[in-house]
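Please look through the sequence and the model shown here before reading on. The briefing that follows takes the parts in turn, from whole chains to single contacts.

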Amino acid sequence: MKASAFSYARATSVANALELLAAHGDRAKVLSGGQSLMPAMNLRLISPELIVDIGELAELRGIAVTGGALRIGALTRHVDLQRSPDIAAHAPLLTEAVAHVAHPAIRNRGTIGGSLAHADPASELPACMVALSATVVVRGPKGERRIGAADFFRGIYETALSPDELLIAVELPVEPTNSAHFFHEFARRHGDYAIAGLAAQAVMSSNVFADLRLAFFAVGDRPVLALAANRLVNVSITPAVLSEASAALAEELDPQEDQQASASMRRHLAQVLMQRCVSTLLGRTDLDAGRSA
Amino acid sequence: MTAPVPISLEVNGERVNEHVLPRLNLADFLREQLQLTGTHVGCEHGVCGACTVRVNGDIVRSCLMLAVQAHGASVQTIEGLSDSGEVADLQAAFRDRNALQCGYCTPGMLMAAQDLLNQQTEPDREQIREHLSGNYCRCTGYQAIVDAVETTARLRAGRQP
């Protein structure tokens, strides 16, 4: 189908975009790369009265490393993330994850800010932000707010952004030494939305996890930071320890059911992902036995 | 503001000045206002890849881009790539290998395949499949398309197919 009629305004600055959003509230929608918004509009799932196009705001584009943080402008495209040596050096989880975001033609337009503001629970980047302890920077009429990624995502397509605010950037802590990461997703076709996925960031201390953040996606209404991961921190991992953590994970998750998978299939896949993640990061094939996907 | 908006862009090397409604997507603009019907419209929500065109050198879904967003941009369609001879060898390989049947997906396939060949001189079959993963073909089963792209890559690298 085609999008229904709307008015169009090309924002000339962040201040100008905020004025437009203040004037039109939730009747307006912000357009960046359009790779989530345009399908929703073409399918008539949403019909905004006004589109505020922020695509020309160069100030929202780009990746910078300052001190211990990596700042990524909201308009930075997926392909820019994928090719960035700074991201590869300081947040390699993101480099790996972006290759799974849709297809090349989509990655050439889609932006990180758009993906996070859209907050599809099956998409990769929100989970990465949670795993990487990112801070989301938003600006509104009352100034700037900084929101932890875990508090930013509130539900299916729901975030802490209010209609008069604009997502400006995300900030990630530069990965500490001894870090390790794992990313995997199950999808019907490479680049499709995941049926279940895991973005994981760890700090290793010899053969033990000093820290382990497991952010699952497509298994809840938002990215889920698994509490069960705490059972794997600062302990020597045995098959029994992993099996207990896996059971705790299954208990903790409350996945949705849709035409792609039942809730129990998603729960099972999440357990497989946890097991593969732990065995891969520790280099322990003995921990990956007995469970297949 | 729902009135037509003036846009100025370059399409296949020619300057185009038009007025468009904000809701008009780039695919429909190319097809209906410029009569460049080589760009096909399949799913209209970014899944099938039939509408793939180049904008400022990058392949994009023209159904997921508004014509107003192309203001100031340089757009190349399959007509441009075909007329310039840029993909002549790729088209010949598709024909030789029967890599098309109904032909609906072919313009998008050629755009995506050429994009890959510009980035990598000798991609392996897995990389070809990955790069074409966003383009649906409902006739060929993909095998022949991957063959044609692989053959073209080898010939361009000066090797035997």
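Domain bounds, as used here, come from an automatic or database domain assignment. On that basis chain A is divided into domain 1 (7-52), domain 2 (62-173) and domain 3 (179-288), while chain B is divided into domain 1 (5-77) and domain 2 (87-156). This is a predicted model, in which local features need pLDDT of at least 70 and side-chain atom pairs count only at pLDDT 80 or more, whereas totals for chains, interfaces and linings use all residues. Residues are numbered from 1 along each chain as its sequence is written, and chains are lettered from A and ligands numbered from 1 in the order in which they are written.

**Chain A as a whole**

- Chain A holds 11 helices and 14 strands, where helices (H or I, at least four residues) and strands (E, at least two) are DSSP runs, numbered from the N terminus.
- The radius of gyration of chain A, which is taken over C-alpha atoms, is 19 Å, close to the 19 Å that the globule rule gives for 293 residues, so chain A is as compact as a globular protein of that length. The globule rule itself is 2.2 Å times the number of residues to the power 0.38.
- Taken along the principal axes, the C-alpha atoms of chain A fill a box of roughly 60 × 45 × 35 Å.

**The parallel sheet of chain A**

- Three strands of chain A form an open sheet in the order β1-β3-β2, with parallel pairing; two strands pair if DSSP finds at least two bridges between them.
- At the edges stand β1 and β2 (28-31) of chain A, each with a single partner strand, so one side of each is left without a neighbour in the sheet.
- From one strand to the next the twist averages 25°, and angles of this kind run from 0 to 180 degrees between N-to-C directions, with axes being lines fitted to C-alpha atoms, for helices over the stretch in contact.
- Four bridges join β2(A) and β3(A) in the parallel sense, and A:Ala28 stands opposite A:Leu50 in β3(A).
- Helix α1 (residues 14-24) of chain A packs on this sheet, touching β1, β2 and β3 of chain A, and its direction makes about 165° with that of β3(A); two residues are in contact if their C-beta atoms, placed from the backbone, lie within 7 Å.

**The antiparallel sheet of chain A**

- A second open sheet of chain A has four strands in the order β11-β12-β13-β14, and here the pairing is antiparallel.
- The edges are β11 (179-186) and β14 (224-225) of chain A, each with a single partner strand, so one side of each is left without a neighbour in the sheet.
- Strand β12 (residues 196-205) of chain A is joined by nine bridges to strand β13 (residues 208-217) of chain A, where A:Ala215 is the bridge partner of A:Ala199.
- Helix α11(A) packs on the sheet and touches β11, β12 and β13 of chain A, its direction making about 30° with that of β12(A).

**Helix pairs**

- Helix α10 (residues 239-252) of chain A packs against helix α11 (residues 263-282) of chain A at an angle of about 145°, with their axes 9 Å apart.
- Among the residues that meet in this pair are A:Leu242 and A:Leu249 in α10(A) and A:Met274 and A:Val278 in α11(A).
- The residues of the contact of α10(A) with α11(A) divide into seven nonpolar, three polar and one charged; Ala, Val, Leu, Ile, Met, Phe, Trp, Tyr, Cys and Pro count as nonpolar, Asp, Glu, Lys and Arg as charged, and the others, Gly among them, as polar.
- In chain B, the axes of helix α4 (residues 106-119) and helix α6 (residues 143-156) come within 11 Å and cross at roughly 40°, and the contact includes B:Met109 of α4(B) and B:Val149 of α6(B).

**Contacts between domains and chains**

- The C-alpha centres of domain 1 and domain 2 of chain A lie 19 Å apart, and their contact takes 13 residues from domain 1 and 18 residues from domain 2.
- On the side of domain 1 of chain A that touches domain 2, α1(A) gives the most, with five residues.
- In chain B the C-alpha centres of domain 1 and domain 2 lie 22 Å apart, and the contact takes 11 residues from domain 1 and 10 residues from domain 2.
- Between the chains, the contact takes 28 residues from chain A and 25 residues from chain B, and the chain A side divides into 14 nonpolar, 10 polar and four charged residues.
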